[in-house]
Amino acid sequence: MWVVVGWHTEPLHVFDAQTYIPVNACAALSSSLLFLHVMAAVAASAAVAASAAVAASVVVAASVVVADNMLEKAMAALRQRSHVTLHHDRVDHVSSTDFPGTYLEFDDAYTLEKFKEAFQFEIIRIVDLDIEFDMIGIDAAIANAIRRILIAEVPTMAIEDAYVFDNSTVLPDEILCHRLGLVPLNVDARRFRSLQDDDNAPNDLNTIVLQLKKECKHNPEAQPGEKEPHKKYIDHLVMSSDLQWIPKGNQETRFKMTPIGPVDDDILLVEMRPGHALDIELHCCKNIGKVHAKWSPVATASYRLMPEITLTQRVTGSKAHRLKDCFSEGVIELQEGQDGEVEAVVVDCRADSMSREVLRHDDLKECVKLERKRDHFIYEVESTGSLEPDVLVYEAIKILHGKCSSLLSELDAVTNNEL
């Protein structure tokens with residue numbers, strides 16, 4: 001069905017209803033077309049008593065008004081397909097609808113070709129241990145799967161076993177060992193095997209040995225009455241830099257260029273006083289964050305939908321200044337309009353936190369429309385330091401690929417057995 005919008009002699013817009021208009025918009029179209037027929041009948045009756053020119057003008061006016069309403073409703077329904085709308089008290093169109101059967105004769109069947117055409121991966125920035133990147137053209141389920149894998153399934157090395165020979169500090173053994181386990185290690189876990197692969201038998205291919213040995217003493221050079229601990233005592237702070245790597249087997253050769261140790265040397269583990277001492281041997285092994293958070297390779301891994309801010313009308317003067325203050329810095333800028341008056345302009349939707357502050361003001365909320373793009377995900381990932389952030393993302397995607405391959409293999413096996 002083709003809907004022609006405009007005058008009878010010269011169409012203004014042509015809209016393919018079968019291809020683009022969703023089911024819920026078709027009801028609006030049907031009602032509108034019925035209204036057109038009614039208006040035509042009224043015009044025909046009027047033609048009996050009046051001139052034909054008057055009747056024609058009634059039909060044309062009705063056609064334009066109703067057709068414009070139809071187009072507006074249809075486009076609004078299409079907008080729901082790709083955008084999430086934010087209101088002051090709710091968020092609309094949250095659920096995905098791009099699956100077969102939702103839209104009238106719209107082909108939403110998934111194909112690899114369609115995915116390749118729509119998918120985009122863009123790295124925005126990499127600074128030290130942080131990475132920000134965009135994934136466009138994917139569903140929330142896939143986006144969240146990558147986030148969860150980053151947190152819980154990319155392997156790292158962490159302290160697992162602690163052999164405490166001496167601990168006379170104020171911290172109990174279990175508390176101190178828990179703190180030690182959370183110290184991130186600067187080592188690539190891909191170069192090690194897991195203990196489970198070797199029947200839990202430690203060797204140089206699956207275990208790293210660290211030693212923590214330190215004793216606090218009085219400083220003989222301290223002045224009488226000195227109160228500052230760093231002047232009064234020697235070795236009173238136990239830091240992560242005190243963890244010493246004890247190479248086993250050929251580890252010294254394998255890691256000659258990248259010696260093993262903590263990512264950060266300035267992590268405070270415990271404070272000591274004269275008479276306190278530590279002597280602990282620590283064994284590190286490979287595992288994943290799903291088992292314990294100490295094996296999680298990321299400090300944070302999150303995503304958000306790309307904001308889209310649209311000004312529905314021109315905002316000028318003091319109102320423009322107030323509108324700018326309702327958004328995060330850099331989202332709205334003030335520029336001089338053609339008439340010389342200052343007006344608000346959207347320059348960077350990405351920077352906004354979508355606080356919806358603008359919707360609290362009655363005179364501003366009608367000036368702006370707040371939306372998020374449903375298939376545009378902005379990721380922010382911070383590595384703990386065991387791997388570079390871009391490598392972490394690559395490893396997470398590789399793990400997801402492996403899961404999909406395993407599932408396909410299982411489905412093929414079930415199908416073959418049934419046949």
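A: Let us begin with a pocket. This is a predicted model, and its second largest pocket holds about 350 Å³ of space.

Q: Which residues lie nearest the centre of the second largest pocket?
A: They are F115, I142, I146, I397 and L400, out of 14 lining residues.

Q: Which element gives the most to the lining of the second largest pocket?
A: Helix α10 does, with six residues. Both α5 and α10 (389–418) supply at least two residues of that lining.

Q: How many residues of each class line the second largest pocket?
A: The lining comprises 12 nonpolar and two polar residues, with no charged ones.

Q: What is the general idea behind finding such spaces, and what volume does the largest pocket have?
A: Rolling a probe the size of a water molecule over the atoms shows where empty space is left. In this model the largest pocket has a volume of about 920 Å³. It is lined by 28 residues, and D98, A118, G137, I138 and D375 are the closest to its centre.

Q: Which elements supply at least two residues each to the lining of the largest pocket?
A: They are the helices α3 (52–82), α4 (112–118) and α5 (140–152), together with the strands β15 (298–311) and β18 (368–383). The largest share, four residues, comes from α4. By class, the lining of the largest pocket has 15 nonpolar, four polar and nine charged residues.

Q: Strand β18 also holds H376. Is H376 buried or exposed?
A: The threshold for buried is under 20% relative accessible area. H376 counts as buried because its relative accessibility is 8%. Leaving aside residues up to four places away in sequence, H376 touches D134, M135, I136, R304, L305 and M306.

Q: Which groups does the side chain of N167 reach?
A: The side chain of N167 reaches the backbone oxygen of L171 at 3.0 Å. It also makes a polar contact with the side chain of D173, at 2.7 Å. N167 is placed in strand β7 (residues 156–167), and it counts as buried at 18% relative accessibility. Neighbours within four places in sequence aside, N167 is in contact with P172, D173, L176, A277 and L278.

Q: What is a disulfide in general, and how many does a search of the whole structure find?
A: A disulfide is a covalent bond between the sulfur atoms of two cysteines. The search of this structure finds zero.

Q: Are C285 and C326 buried or exposed?
A: C285 counts as buried, at 6% relative accessibility. C326 is likewise buried, at 6%.

Methods:
Residues are numbered from 1 along each chain as its sequence is written. This is a predicted model: local features need pLDDT of at least 70, side-chain atom pairs count only at pLDDT 80 or more; totals for chains, interfaces and linings use all residues. Side-chain values use heavy atoms; hydrogens and water are left out. A disulfide is a pair of cysteine sulfur atoms within 2.5 Å. Buried means under 20% relative accessible area, exposed over 50%, partly exposed in between (1.4 Å probe, protein chains only). On a 1 Å grid over the protein atoms alone, a cavity is a set of points where a 1.4 Å probe fits but cannot get out, and a pocket is an open set with protein on both sides within 12 Å along at least five of seven lines; lining residues have an atom within 4 Å of a point. Grid points are joined across faces, edges and corners, and a volume is the space filled by probe spheres set on the points. Ala, Val, Leu, Ile, Met, Phe, Trp, Tyr, Cys and Pro count as nonpolar, Asp, Glu, Lys and Arg as charged, and the others, Gly among them, as polar. A polar contact is a pair of N or O atoms within 3.5 Å; within protein, one must be able to donate a hydrogen and the other to accept it, and residues adjacent in sequence count only if both atoms are side-chain atoms. Contact means heavy atoms within 4.5 Å.
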